Amino acid sequence: MNLAKYIDHTVLAADATKEKIEKLCNEAKSAHFASVCVNSCWVSYAKELLKGSGVNVCTVVGFPLGAMSTKAKAEEAAIAVSDGADEIDMVINIGYLKGGMYKECLDDIKAVREACSSKVLKVIIETCLLSDEEKVKACELSAEAKADFVKTSTGFSTGGAKKEDVALMRRSIPSSMKVKASGGIRNRESALEMIEAGAERLGCSSGMAIIAGEDSNASY
């Protein structure tokens, strides 16, 4: 199986330098990953480096807590798109969801959906903080807001992707939507496990190790 096409090659660390972003993009071009996922300050630089490569530029919005104002998230998404982002990974307002404020949670996703127009929108639901019922509700709200993907995790909370969550999310969304698994995928075995459970994209900082069949000790 060609795992590279599933991978969003990711560097979201606070200490990521320009040199690290350049290395990330060069690796993505050589491996033909689906995208690179970077913080928004690097979008325009990554877009320049990846020009003509077929590798998309993905960035994060409301990351990693999801508790920013809806207006701030929408503006962040709009700026990222204007800088060249092809894909947006947004974090839901987890407090809204857990507090039963479903309209506010839905409106939050809708605002980002509108701001990023036709670009790919992935909604990070942070499964490690949710009950199964809340995971299903988050998927339903994401579908109602016309997101393209639901995504398991930021990789910055108390846990990452689990195959059981991927399978639950796959069952909870329409066939037109997809699942992205992220957080803790560090070798080929775990990548294949997530794909078998229903993931169609993988968020990894261990992409090069995964495609080489090696284990990685990367943090994401």
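1. C116 is a buried cysteine, with a relative accessibility of 0%. Buried here means under 20% relative accessible area, exposed means over 50%, and partly exposed lies in between, using a 1.4 Å probe and protein chains only. The model is predicted: local features need pLDDT of at least 70, side-chain atom pairs count only at pLDDT 80 or more, and totals for chains, interfaces and linings use all residues. Residues are numbered from 1 along each chain as its sequence is written, and side-chain values use heavy atoms, with hydrogens and water left out.

2. How many disulfides does the structure hold? The structure holds zero. C116 is in no disulfide, and the nearest cysteine sulfur, that of C58, is 11 Å away. C204 is also in no disulfide; for C204 the nearest cysteine sulfur is that of C37, 11 Å away. The cut-off for a disulfide is a pair of cysteine sulfur atoms within 2.5 Å. In general, a disulfide is a covalent bond between the sulfur atoms of two cysteines. C204 is buried, with a relative accessible area of 0%.

3. Helix α6 covers residues 132–144, which makes 13 residues. From its first C-alpha to its last, α6 reaches 19 Å, close to the 18 Å expected at 1.5 Å a residue. The expected span is 1.5 Å times one less than the number of residues. Helices (H or I, at least four residues) and strands (E, at least two) are DSSP runs, numbered from the N terminus. After α6 comes K146, whose phi is positive, near 70°.

4. Which residues of α6 are buried? They are E134, K135, A138, C139, L141 and S142. Seen down the axis of α6, the buried residues fall within an arc of 165°, so they line one face of the helix. The arc is taken from the directions from the helix axis to the C-beta atoms. An α-helix has 3.6 residues a turn, so residues three or four places apart point the same way. The cover over the buried residues of α6 includes α4 (94–98), α5 (102–115), β5 (120–124), β6 (149–151) and α7 (163–171).

5. The largest nonpolar core has 69 residues, of which V36, I92, L121, I185 and L202 touch the most other members. Helix α1 (residues 18–31) gives the most to this core, with five residues. Such a core is a set of buried Ala, Val, Leu, Ile, Met, Phe, Trp, Tyr and Cys residues joined through side-chain atoms within 4.5 Å. Not counting residues up to four places away in sequence, L202 touches several others, including Y6, I7, I185 and M194. Contact means heavy atoms within 4.5 Å.

6. R201 lies in strand β8 (residues 201–204). Is R201 buried or exposed? R201 is buried, with a relative accessible area of 11%. The side chains of R201 and D8 are joined by a polar contact of 2.6 Å. A polar contact is a pair of N or O atoms within 3.5 Å; within protein, one must be able to donate a hydrogen and the other to accept it, and residues adjacent in sequence count only if both atoms are side-chain atoms.

7. V179 is in strand β7 (residues 178–182) and is buried, at 0% relative accessible area. V179 and G198 are 19 residues apart in sequence and 6.8 Å apart in space, C-alpha to C-alpha. Beyond four places in sequence, the contacts of V179 include F149, G198 and R201.

8. T154 lies in the loop between β6 and α7 and is buried, with a relative accessible area of 0%. Its side chain makes a polar contact of 2.7 Å with the side chain of E126.
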